[in-house]
Amino acid sequence: MHPCLEKILLNEDEIVARCKELGQQITQEYKNNEQPPLLVALLKGSVPFLAELIKHIDLDIQFDFMDVSSYEGTESIGDIKIIKDLDCSVKNLDILLVEDIVDTGRTLKTVKAMLKNKGAKTVRVVTLLDKPDRRVVDIEADYTGFEIPNEFVVGFGLDFNQKYRNFPFVGVLKEECYK
Ligand SMILES: O=P(O)(O)OC[C@H]1O[C@H](OP(=O)(O)OP(=O)(O)O)[C@H](O)[C@@H]1O
Ligand code: HPA
């Protein structure tokens, strides 16, 4: 057990089982679509979730990455910066945006609007975690792994100051470690 860990909210088995359900649901909902979706994953937090999810999507999907940043420590700074844009065009594509967490909703709202502006045909969202109590803009994911309470979480991709992304579970740190 890591010395900074206060508690585990979601263990690895629960996360993997939910990724399987989400992958199957996505497969069903896109299988009669004209084209398979392009998964757009937001770096860096969504990487472990993307890696688990795609094992359970039985469609000829492709994926690409964008890196946007809005957090310093546990604070959303509101201003969304693009650090790395997509490699491919999204024009007329059905996009499935892959997020680790929807918190204030600012990142999702901004990125969804960017993709629409670039000519995406549709933009849906799959998120591992949703923290509805923290929302400041009106936005919801189309597919959600787990709703969680208003606590700053780490693990399964989520960081505090770039650390703890490699925990295979989602947990909460001891207060003295959020410094
Ligand atoms: O709903 P919001 O309040 O906008 O917060 C959610 C976003 O914040 C985190 O990203 P961050 O900018 O920390 O980048 P990271 O994925 O590299 O950790 C997280 O990965 C989401 O993308
Ligand atoms: O709870 C969180 N943990 C890590 N990163 C985050 N970005 C938004 N909310 C969170």
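Student: In this predicted model, how many residues surround ligand 2, and into which classes do the residues of that shell divide?
Tutor: The residues closest to ligand 2 are Ile 101, Asp 103, Phe 152, Val 153 and Leu 158, and they belong to a surrounding set of 8 residues. Sorted by class, the shell around ligand 2 comes out as 6 nonpolar, no polar and 2 charged.

Student: Which strands stand at the edges of the open sheet, and why is one side of each left without a neighbour?
Tutor: The open sheet is formed by 3 strands with antiparallel pairing, and their order is β1-β9-β8. Each edge strand has a single partner strand, so one of its sides has no neighbour in the sheet, and the strands in that position are β1 (5–10) and β8 (153–154).

Student: Which residue in β9 is the bridge partner of Val 154?
Tutor: Strand β8 is joined to β9 (residues 170–173) by 2 bridges, and the two strands run antiparallel. The partner of Val 154 in β9 is Gly 171.

Student: Which element gives the largest share of the largest nonpolar core?
Tutor: The largest nonpolar core has 40 residues, and Val 40, Ile 95, Leu 97 and Val 98 have the most contacts inside it. Elements that give two or more residues to this core include α1 (12–30), β2 (38–43), β5 (94–102) and β6 (122–130). The largest share, 6 residues, comes from β5.

Student: Which residues does Val 98 touch, not counting residues up to four places away in sequence?
Tutor: Val 98 is one of the residues with the most contacts inside the largest nonpolar core. With residues up to four places away in sequence left out, Val 98 touches Leu 39, Val 40, Ala 41, Leu 42, Ser 46, Phe 49, Leu 50, Leu 53 and Val 126.

Note on methods. Residues are numbered from 1 along each chain as its sequence is written. Chains are lettered from A and ligands numbered from 1 in the order in which they are written. This is a predicted model: local features need pLDDT of at least 70, side-chain atom pairs count only at pLDDT 80 or more; totals for chains, interfaces and linings use all residues. A residue is near a molecule or strand if its C-beta atom, placed from the backbone, lies within 6 Å of it. Ala, Val, Leu, Ile, Met, Phe, Trp, Tyr, Cys and Pro count as nonpolar, Asp, Glu, Lys and Arg as charged, and the others, Gly among them, as polar. Two strands pair if DSSP finds at least two bridges between them. Helices (H or I, at least four residues) and strands (E, at least two) are DSSP runs, numbered from the N terminus. A nonpolar core is a set of buried Ala, Val, Leu, Ile, Met, Phe, Trp, Tyr and Cys residues joined through C-beta atoms within 7 Å. A residue is buried if 20 or more other C-beta atoms lie within 10 Å of its own, exposed if 12 or fewer, and partly exposed in between; C-beta atoms are placed from the backbone. Two residues are in contact if their C-beta atoms, placed from the backbone, lie within 7 Å.
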